[in-house]
Amino acid sequence: MALSIVTNVSAMMVRNNLNSATDSMTQALERMTTGYKVNSAKDDAAGYNIIDSMSSKIGSFDVAGNNAQIGIDMLTTTEENYALITDHLSRIRDLTEQAANGTYSTESLVAINAEITARLNEIDRVARTAEYNGMYLMTDDTVTQIVDDIRIQVGIYGDDSSGVTLEADLFSSATVEEILGDTVETLAQQFSGVDVTTTPDDPTKTAENASQFLSVIDAAITDIAGRITDLGAAQNRLESAITAIDTNVMQLTNSRGTMRDADIAEESTSYISAQILQSAASTLLATANQMPSVAVQLI
């Protein structure tokens with residue numbers, strides 16, 4: 001290589017190597033401090049696009065999981081209110097069976113009538129006020145009743161496989177008139193055999209009148225049990241969807257980590273190697289910068 005005062009190729013070569021070592025150090029530092037080997041598109045253009053797509057899907061799956069859990073909460077709220085109604089029906093059945101015995105005085109039957117009336121009114125209150133997020137769950141009121149099926153978005157796409165449908169029948173009316181077929185006042189009198197405005201003339205007839213309604217109450221209890229069973233089946237389906245979502249999120253997260261996460265041991269080794277090269281290049285650059293002075297000495 002010719003000696004030159006103007007052009008110092010050796011210094012340029014050493015400087016390029018110094019810059020390369022510095023870039024490698026900077027990259028290793030970035031990867032170790034962020035924990036990612038792909039921090040921008042320039043690191044891996046194709047990989048960056050795939051990682052970004054995976055991150056978007058993971059976020060969507062998280063939302064889908066929340067949707068499914070909200071659906072379960074809605075069904076659970078409905079089920080718990082049905083449990084209250086079942087408790088009241090069971091007590092009403094006990095009272096009706098007492099009234100059917102034919103050994104109770106008028107005063108006792110009036111007391112039975114009062115409790116039955118109170119419990120029937122409570123069933124009506126529960127049915128008309130049970131709601132979730134402003135949606136009434138057990139009423140046949142034309143304004144508040146759920147009349148359309150409810151779609152729960154449990155997937156990340158817009159197709160049918162990404163949704164679970166909760167049929168409107170799951171939220172049928174549970175008012176006294178709906179499940180027992182009569183008004184509160186009439187039923188209380190029929191179950192206990194007592195009209196609070198008059199007294200029964202024939203205790204035997206009172207007992208018969210009460211006993212025939214045991215089957216009515218049993219039918220109502222069976223009806224509510226069937227509704228709870230349907231709610232449980234719907235909850236199981238949503239819980240299955242959550243399990244599938246968790247599996248997808250886990251697999252996507254694992255794949256994203258494989259592509260994105262930095263190997264700290266590898267990066268620390270690269271950093272130390274680049275640091276040594278940078279130190280050597282710095283020393284040699286000082287030497288290379290002195291080479292034109294040799295040419296000057298020849299003049």
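**Entry 1: elements**

Helices (H or I, at least four residues) and strands (E, at least two) are DSSP runs, numbered from the N terminus. With that rule in hand, I opened the model, which is predicted. I counted nine helices and four strands in the protein. I then read the order of the elements from the N terminus, which is α-α-α-β-β-β-β-α-α-α-α-α-α.

**Entry 2: overall dimensions**

I looked up the radius of gyration and found 40 Å for the protein, whereas a compact globule of 299 residues would have a value near 19 Å. I also noted the box that the C-alpha atoms fill, which is roughly 145 × 35 × 25 Å along the principal axes.

**Entry 3: surface, burial and contacts**

I recorded that 34% of the 299 residues count as buried. The protein exposes about 16700 Å², and I noted that carbon and sulfur atoms supply 51% of this area. I next turned to contacts with a separation of 6 or more, and found that residues 24 or more positions apart account for 75% of them.

**Entry 4: charges**

I listed 16 positive and 42 negative side chains. The centres of the two sets lie 11 Å apart.

**Entry 5: the nonpolar cores**

I began with a general point: in soluble globular proteins, nonpolar side chains tend to be buried together. I then looked up the largest nonpolar core here and found 56 residues in it. The residues with the most contacts inside this core are I85, L120, L166, F171 and L180. Which elements each supply at least two residues of this core? I noted α2 (45–99), α3 (106–129), β3 (150–153), β4 (163–166), α4 (176–180), α5 (184–192) and α7 (214–260). Helix α2 gives the most to this core, with 14 residues.

Another core, of six residues, lies apart from the largest one. I found A11, V14, L18 and L285 among its members.

I returned to F171 and listed what it touches, leaving out residues up to four places away in sequence. The list holds M74, L75, T78, L137, M138, I146, I150 and L166.

**Entry 6: Q145**

I located Q145 in the loop between β2 (135–136) and β3. Apart from residues up to four places away in sequence, Q145 touches T139 and D140. I also noted 7.8 Å between the C-alpha atoms of Q145 and M135, which are ten residues apart along the chain.

**Entry 7: N133**

I first wrote down that most residues other than glycine have a negative phi. N133 is not a glycine, yet I found a positive phi of about 55° for it. N133 lies in the loop between β1 (131–132) and β2.

**Entry 8: D87**

I found D87 in helix α2. Its relative accessible area is 52%, so D87 is exposed; the cut-off for that class is over 50%. D87 and I221 are 134 residues apart along the chain, and I noted 9.4 Å between their C-alpha atoms.

**Entry 9: T34**

I found T34 in helix α1 (residues 9–34). T34 is partly exposed, with a relative accessible area of 37%. How many Å apart in space are T34 and N81? I noted 50 Å, C-alpha to C-alpha, for these two residues, which are 47 residues apart in sequence.

Technical notes:
Residues are numbered from 1 along each chain as its sequence is written. This is a predicted model: local features need pLDDT of at least 70, side-chain atom pairs count only at pLDDT 80 or more; totals for chains, interfaces and linings use all residues. Side-chain values use heavy atoms; hydrogens and water are left out. A nonpolar core is a set of buried Ala, Val, Leu, Ile, Met, Phe, Trp, Tyr and Cys residues joined through side-chain atoms within 4.5 Å. Buried means under 20% relative accessible area, exposed over 50%, partly exposed in between (1.4 Å probe, protein chains only). Contact means heavy atoms within 4.5 Å. The radius of gyration is taken over C-alpha atoms; the globule rule is 2.2 Å times the number of residues to the power 0.38. Accessible areas come from the Shrake-Rupley method with a 1.4 Å probe; for residues, only the protein chains shown count as cover. Lys and Arg count as positive and Asp and Glu as negative; His and the chain ends are not counted. The place of a charge is taken as NZ of Lys, CZ of Arg, CG of Asp or CD of Glu.
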